[in-house]
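Walk through this model from one feature to the next. Keep the sequence and the structure side by side as you read.

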Amino acid sequence: MTRIPRGVAIALWPVSIVYGWVVRAKNLMYDAGWLKAKRLRGTVISVGNLTTGGTGKTPMVLWLAERFLAEGKSVAILSRGYKGSGGTSDEIELMRARLGDRVRFGVGADRYASGSRLESEGRVDVFLLDDGFQHRQLARDLDILMLDGTRKLKNEWLLPSGSLREPISGCRRANLLVVSRKFERPTVEAKDTQTHHIFYAQTQLVGFRRLGAASYDVKYGSTISSAPSFAFCGIGNPEAFFADLVSWRVELVGERAFRDHHVYSDLDVESLEAEADRVSAADFVTTEKDAANLALVGRNFRRPVWVAVIDFMISAESEFVAAIERVLREKRGAAA
């Protein structure tokens with residue numbers, strides 16, 4: 001995530017104060033029942049975060065989708081398709097590549113309208129609301145809040161001075177907290193997490209697939225190249241991706257971060273190839289999310305481009321599944 005220069009953050013602080021008032025007022029109106037959330041017939045599970053940038057929301061949605069599909073459930077994913085067009089986005093294409101036609105997608109700003117359309121077309125047992133923690137217009141049965149364990153939230157400021165979408169006290173609305181990239185308690189105020197079950201997750205490498213390959217053939221890391229690689233990405237937390245590659249024993253001689261959701265151009269390809277020439281890189285490594293944004297220019301690379309395919313490993317997985325089932329069971333009991 002790109003850090004805002006201190007001077008700029010201070011200059012924007014008055015705007016953050018107003019933004020905070022607006023967010024608190026909206027949440028208060030929902031909490032008090034003055035604003036009503038709309039409810040779909042199927043179970044709705046929201047996966048979201050408190051900050052801009054990557055915390056592992058998409059891997060968590062994929063993990064949940066695979067879990068419910070294995071149980072024989074009909075699953076749909078609702079997303080606003082941030083920075084996308086034509087009913088899709090880089091994150092939607094990532095999930096489609098992994099899940100295929102086993103799930104249905106509803107894309108648009110009005111998640112209730114998207115979900116209602118899907119329900120009119122056929123039964124949906126479980127809706128997964130991607131990046132839905134602040135989308136309170138849609139009622140949910142379970143809120144999973146993702147936290148990046150490498151960041152100290154108590155030091156973060158509200159938008160636009162910082163990365164917080166809402167105050168840390170918003171944690172209280174979540175049913176389950178999942179801390180990614182760390183196996184220690186997150187640095188947030190104790191009063192905001194003490195009533196929650198906290199779980200921990202790490203990304204793990206499944207393998208690499210060749211960008212532009214006709215088939216989704218995933219290879220082990222040791223097979224992609226015996227020479228060093230150049231890594232690049234345009235995601236919310238590029239530093240975490242580069243650190244993951246090192247932990248997966250991928251030898252890197254260079255790296256470059258673009259803005260989140262960056263759509264690559266021919267000039268970007270030329271620039272990356274020139275940087276790779278300077279450091280004698282044998283190939284490139286990037287993320288599945290970036291693969292969607294390379295669709296128009298991927299064939300212009302001179303070097304192979306390998307896409308890292310990752311999975312989510314949740315510690316105490318059986319307890320996590322049990323916690324999900326318990327919350328959903330309590331919700332169903334309350335609604336009966």
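Glutamate 317 is partly exposed, with 33% relative accessible area. This is a predicted model. The partner of glutamate 317 is arginine 67, and the two form a salt bridge with the closest N and O atoms 2.7 Å apart. Arginine 67 lies in helix 2, while glutamate 317 lies in helix 8 (residues 317–335), so the pair ties together parts that are 250 residues apart in sequence. Arginine 67 is partly exposed as well, at 29% relative accessible area.

Trp13, Ile17, Val18, Trp21 and Val22 form a nonpolar patch on the surface. Together they have about 510 Å² of accessible area. One of them, tryptophan 21, is found in helix 1 (residues 6–31). Is tryptophan 21 buried or exposed? The cut-off for exposed is over 50% relative accessible area. Tryptophan 21 counts as exposed because its relative accessibility is 57%.

Helix 4 (residues 111–121) comes next. Its buried residues are Arg111, Ser114, Gly115, Leu118 and Glu119. Seen down the helix axis, they fall within an arc of 135°, so they line one face of helix 4. What do these buried residues pack against? Their contacts are with strand 2 (75–79), strand 3 (104–107) and strand 4 (126–130). Arginine 117 pairs with glutamate 121, and the closest N and O atoms are 3.3 Å apart. The two residues are 4 apart in helix 4, so about one helical turn separates them. Arginine 117 is partly exposed, with a relative accessible area of 38%.

Move on to the loops. Aspartate 131 lies in the loop between strand 4 and strand 5. Its phi is near 55°, a positive value in a residue other than glycine. Aspartate 131 is buried, with a relative accessible area of 16%. Its side chain meets that of arginine 165 in a salt bridge, at 2.6 Å from N to O. Arginine 165 lies in the loop between strand 5 and strand 6 and aspartate 131 in the loop between strand 4 and strand 5, so this pair ties together parts that are 34 residues apart in sequence. Arginine 165 is buried, at 15% relative accessible area. The cut-off for buried is under 20%.

The loop between strand 5 (142–148) and strand 6 (176–180) also holds proline 160. The peptide bond from leucine 159 to proline 160 is cis, with omega near -5°.

A positive phi turns up again at serine 280. The value is about 60°, although serine 280 is not a glycine. Serine 280 sits in the loop between helix 6 (266–279) and strand 10 (283–287). It is exposed, with a relative accessible area of 57%.

Helix 6 itself contains glutamate 275. Is glutamate 275 buried or exposed? Glutamate 275 counts as buried, because its relative accessibility is 19%. Leaving out residues up to four places away in sequence, glutamate 275 touches Phe230 and Arg256.

To close, return to the salt bridges. How many does a search of the whole structure find? The search finds 20. The bridge between arginine 67 and glutamate 317 ties helix 2 to helix 8. The bridge between arginine 165 and aspartate 131 links two loops. Elsewhere, salt bridges that share partners join Glu273, Asp277, Arg302 and Arg303 into one network.

Key. Residues numbered from 1 in each chain as written. Predicted model: local features only at pLDDT ≥ 70, side-chain atom pairs only at ≥ 80, totals over all residues. Heavy atoms only, no water. Patch = residues over 30% accessible without salt bridge, like charges linked within 9 Å, V, L, I, M, F, W, Y side chains within 5 Å. Areas by Shrake-Rupley, 256 points an atom, 1.4 Å probe, with all protein chains shown as cover. Salt bridge = Lys/Arg side-chain N within 4 Å of Asp/Glu carboxyl O. Buried < 20%, exposed > 50% of the residue type's maximum accessible area, 1.4 Å probe, protein only. Arc of directions from axis to C-beta. Contact = heavy atoms within 4.5 Å.
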